[in-house]
Amino acid sequence: MIWQIGLAFFVSGFAGLMHEIVWSKLLASLIGTTAHAQAAVLVVYMGGLALGSVIYGRRSDRRGRSLRTYMYLEVGIAAYCAGLPLFLSGASELYVWAASYVFESSQLKFVLRFALALLTIIVPAIMMGGTLPLLARHFILHPGQTRARVAALYALNNFGAVAGAAVAGFVTLPGLGVYPSLVIASGMNLVAAVLVLPHIAEGRDTLEHETPNIPVEKTAPVRGYSEAIYGATLVSLLLSGFAAMAYEVVFIRVISLSFGATTFSFTVMLMSFIAGIGLGSLIVMQIRVERPLWLLGVCQLVAAVAFLAATPLMARLPYYVGLVRISAHEAGDSFLLYQLGKAALCLVVLLVPTMCLGASFPLVTAIQARQPHRIGSLVGATYACNTVGNVLGVLVTTLFLLPGLGMLGSFHVAIALSFASGLVVLVVATEAPISRRAFAASGAVVALAVYASNGLDWPTPILHSFNHLRMRSAPSPDKSAEEVERHPASSFESWKRYFLMPEPSIVQIEEESHASVMVADSRGILSLVVNTKTDASTALIDMETQVLLAHLPLFLQPDARDLLVVGYGSGISLGSAMTHPVQRADLVEISGGVMDVDPAFAPHNYNVLSDPRVHVYVDDAQSFLRTVPRTYDAVICQPSNPWISGIAGLFTTEFFELARSKMNPGGVFTLWFQAYEQSEEGVQLILRTFQAVFPHITLFVESNYNDILAVGSVEALPVDFVEIEDRFDLPDVRNDLARIGISNVMSLLSHHAVPPDVVPTMLGSGPVNSTLRQYLEYISIRAKFVGTVSELIQENSLFLLDDGRSQVDRYTEFRAGRGEPVTANERELAAEHMSTRSRYREEHTSILTKRADARPADSAPATRPSRGAVLAPRDVGRYEASMWAQRFKSEGDTDRGRAYTLRLLSLGKQGKYR
């Protein structure tokens with residue numbers, strides 16, 4: 001019946017990893033989704049494990065009945081976690097109350113969140129930490145059994161954790177949600193408890209059973225190591241634990257940049273890392289170890305050398321995962337094959353070094369366990385030492401190494417710690433001849449020298465690449481040999497030529513805890529690349545979205561004075577918004593790296609961060625909104641793509657409700673989301689969720705229908721064309737709109753796609769996206785993989801359908817009712833604006849041409865810019881001067897074109913943007 005206890009610990013590991021993953025989802029509403037917040041969850045979890053292992057290790061030696069105590073712990077974990085949502089709710093309320101007093105101090109708010117997370121999950125974490133020393137106390141009857149039996153338990157627990165990560169990451173969270181996943185994990189704790197009941201029922205859980213015929217008070221040490229050696233092995237284990245988590249944090253960054261920062265990518269990486277540790281323990285259990293000190297030292301050195309040897313493969317991971325993606329598409333868009341391929345790549349990189357790391361704990365435990373009556377406490381203390389190293393590794397790497405040294409520097413620190421861990425033991429490993437120890441150390445030094453001379457640039461293909469996640473197809477068979485050779489899938493060198501940003505084009509790179517941020521200049525176009533994905537740029541098509549995102553809500557709600565912007569990007573949206581008479585704008589941005597690269601974009605966003613009306617908060621948006629003491633007239637939200645881990649939280653009913661609670665009556669919420677790499681189901685889910693909180697939604701689009709701008713409100717918004725024209729005529733506003741080719745109100749309104757009364761017909765049936773059931777994240781990951789483009793908005797666009805209900809038609813009716821019909825010139829300007837870029841330029845142009853009640857022969861010249869009037873050169877801003885100079889030159893009016901060009905040059909020399 002021993003197998004039942006082993007199975008119980010496998011199930012316990014399964015439940016433990018599920019709990020860790022689910023807790024991070026639950027705690028996101030309390031502490032946020034920043035890298036620091038996620039590190040805080042790990043620190044509390046691992047700190048609890050360390051504390052529990054010490055407490056229950058000592059308890060098992062003193063009181064016996066360790067198996068019974070183990071059963072009680074498993075039941076206690078299940079019971080506590082069943083009430084965890086209630087505890088979290090109370091902690092959240094307490095946080096909102098307390099944080100209101102320290103709102104302006106981000107450090108104090110983080111300390112408060114950390115303290116509440118500590119109070120919330122420390123109890124079950126402590127109970128989890130006690131399980132290993134308790135079972136070790138039950139199984140190990142003599143110190144000589146320690147290595148094999150601790151290794152067996154540790155391996156079983158880790159293999160259970162791999163299974164738990166797979167089930168939580170791929171099955172229960174995507175398919176059932178957070179609460180059912182929590183219930184399943186708690187149920188597995190109960191299963192573990194039930195599995196040990198037969199042993200307890202048969203009375204095989206007494207101190208006499210655990211230490212038969214051993215007088216506790218007379219037991220002497222078994223091994224002959226000195227105290228210095230015992231101390232050296234604990235130092236080695238501490239350093240190894242630190243290095244292990246430093247490697248993991250660095251590899252998470254490598255995976256984010258290579259595979260895409262998706263939940264599934266993190267899951268396969270975590271599974272691979274833990275599987276390697278489990279295999280290392282399993283090998284230690286199977287082999288005969290006569291010189292544990294020697295083997296421990298060699299394992300640490302081999303781990304470091306294996307990571308160094310893996311760096312060429314790590315550098316090529318973005319290329320290899322692209323080949324896996326192509327193979328998965330050729331196999332019928334097999335998403336499963338794609339995930340298996342990613343897992344295989346992770347295993348190839350991580351297997352050998354993590355196996356060496358996994359061997360460390362049972363080896364050190366075997367060395368430390370020298371007295372039978374202290375088996376539990378020594379196993380617990382050794383486990384605590386390893387876990388404290390893990391805690392330090394997470395904290396130091398996340399808070400200091402990544403922001404200060406970057407990915408490469410953090411990796412080098414981990415390598416140095418692995419070397420130090422091995423050398424500390426080899427110095428005292430008198431079991432092996434000094435010549436053998438010197439040879440091992442020399443071999444490691446040689447490997448380090450080879451790496452230093454050849455491998456220091458391995459992060460370059462990872463950090464400097466962009467948009468490589470869109471490589472989905474191999475070269476066509478009908479292509480020439482030269483074309484095939486140039487295709488990025490043909491070779492790593494071709495891939496680099498296609499996806500790697502040339503060094504001279506890189507303006508700035510910032511590595512921080514949350515992301516790697518790059519600014520690149522390609523032929524005068526700046527791009528903001530976050531974790532290899534372009535999130536903003538000065539390309540015209542992106543400028544159109546960024547500028548419209550700011551102006552549309554402020555045209556529709558011209559009385560808005562207090563503004564909240566979620567997400568900074570290039571800062572262009574915020575800069576455009578500040579051309580309106582806004583009194584205060586709060587900006588909340590999760591990535592400090594994005595803020596650090598702002599100087600590159602400052603000339604394009606009017607140096608908006610120097611505007612005294614702008615107040616910057618580097619924080620998670622949900623955490624910010626929960627405690628901000630102000631309310632807003634308008635909220636502009638520009639999240640990245642929802643397939644990125646954590647982003648889908650900004651598309652939930654909870655987030656929208658939180659924003660609504662901080663909005664003044666008549667306020668508007670504007671949401672930017674993408675139709676590209678998104679399915680019809682995903683777009684419908686976004687709109688259903690948005691409308692559940694903001695019933696009145698008006699949809700606008702950029703010219704190609706790739707980016708959707710949804711303006712939502714609780715009450716119907718009256719569209720006041722008088723106010724719109726007056727606002728358009730403000731010099732800063734019209735100049736800013738000119739940079740995307742909008743020269744009159746008709747051009748602005750031509751971006752209207754779907755009015756509020758039509759949106760409900762598009763939604764379909766189905767659920768909404770919530771914090772506890774984040775359907776959108778998983779739908780979007782699959783849409784990203786396939787590369788689908790939703791045409792839902794295009795198919796329901798009233799503008800293209802021409803049924804008379806678009807804002808263009810209503811504006812035309814408004815003008816006709818005032819006896820001031822839209823002129824041919826206004827119509828032509830709008831048609832020209834849409835025809836220059838739109839995928840649907842012919843439809844747009846023909847519809848605009850036949851619309852509008854205009855009699856060209858009778859139309860009076862326009863008298864105001866909102867209706868297409870061209871102001872004198874001295875009265876226009878920089879972007880207006882550029883727009884009119886190009887227009888007149890294209891029309892052959894060289895004199896007027898020259899006049900506006902001279903105005904442009906004069907403004908440029910003076911450094912003015914108005």
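Predicted model: local features only at pLDDT ≥ 70, side-chain atom pairs only at ≥ 80, totals over all residues.
## Overall build

The protein contains 38 helices and twelve strands. Its C-alpha trace spans about 115 × 55 × 55 Å along the principal axes.

For a chain of 914 residues, a compact globule would have a radius of gyration near 29 Å. The protein has 31 Å, which agrees with that expectation.

## Largest cavity

Rolling a probe the size of a water molecule over the atoms shows where empty space is left. In this model the count comes to ten cavities of 30 Å³ or more. The largest cavity holds about 710 Å³ of space. It is lined by 38 residues, and those closest to its centre are L49, Y154, N158, Y383 and N390.

By class, the lining of the largest cavity has 21 nonpolar, 15 polar and two charged residues. Tyr is counted as nonpolar here, so Y154 and Y383 of this lining fall in the nonpolar group.

## Second largest cavity

The volume of the second largest cavity is about 120 Å³. Its lining is made up of 13 residues, and F259, T262, Y338, K784 and F785 lie nearest the centre. Two elements, α14 (335–368) and α31 (775–786), each give two or more residues to this lining. The largest share, four residues, comes from α14.

Sorted by class, the lining of the second largest cavity has seven nonpolar, three polar and three charged residues.

## Contact of α11 with α12

Helix α11 (residues 227–259) and helix α12 (residues 263–286) have axes that come within 10 Å and cross at roughly 145°. The crossing is right-handed. On the α11 side the contact is formed by A244, Y247, E248, F251, I252, I255, S256 and F259, which meet S265, F266, M269, L270 and F273 of α12.

Ten of the residues in this contact are nonpolar, two are polar and one is charged. F259 takes part in the contact with α12, and F259 is also listed among the residues nearest the centre of the second largest cavity.

## Contact of α20 with α28

The axes of helix α20 (residues 540–556) and helix α28 (residues 731–738) likewise come within 10 Å, with a crossing angle of roughly 145°. The crossing of α20 and α28 is left-handed, whereas that of α11 and α12 is right-handed.

From α20, the residues V547, H551 and F555 meet V733, D736 and L737 in α28. Four residues of this contact are nonpolar, one is polar and one is charged.

Technical notes: Residues numbered from 1 in each chain as written. Heavy atoms only, no water. 1 Å grid on protein atoms, 1.4 Å probe; cavity = no way out; pocket = protein on both sides within 12 Å on 5 of 7 lines; lining within 4 Å. Points joined across faces, edges and corners; volume = space filled by probe spheres on them. Axes fitted to C-alpha atoms, helices over the stretch in contact; angles between N-to-C directions. Left-handed = near helix turned anticlockwise from the far one by under 90°. Contact = heavy atoms within 4.5 Å. Rg over C-alpha atoms; globule rule 2.2 N^0.38 Å.
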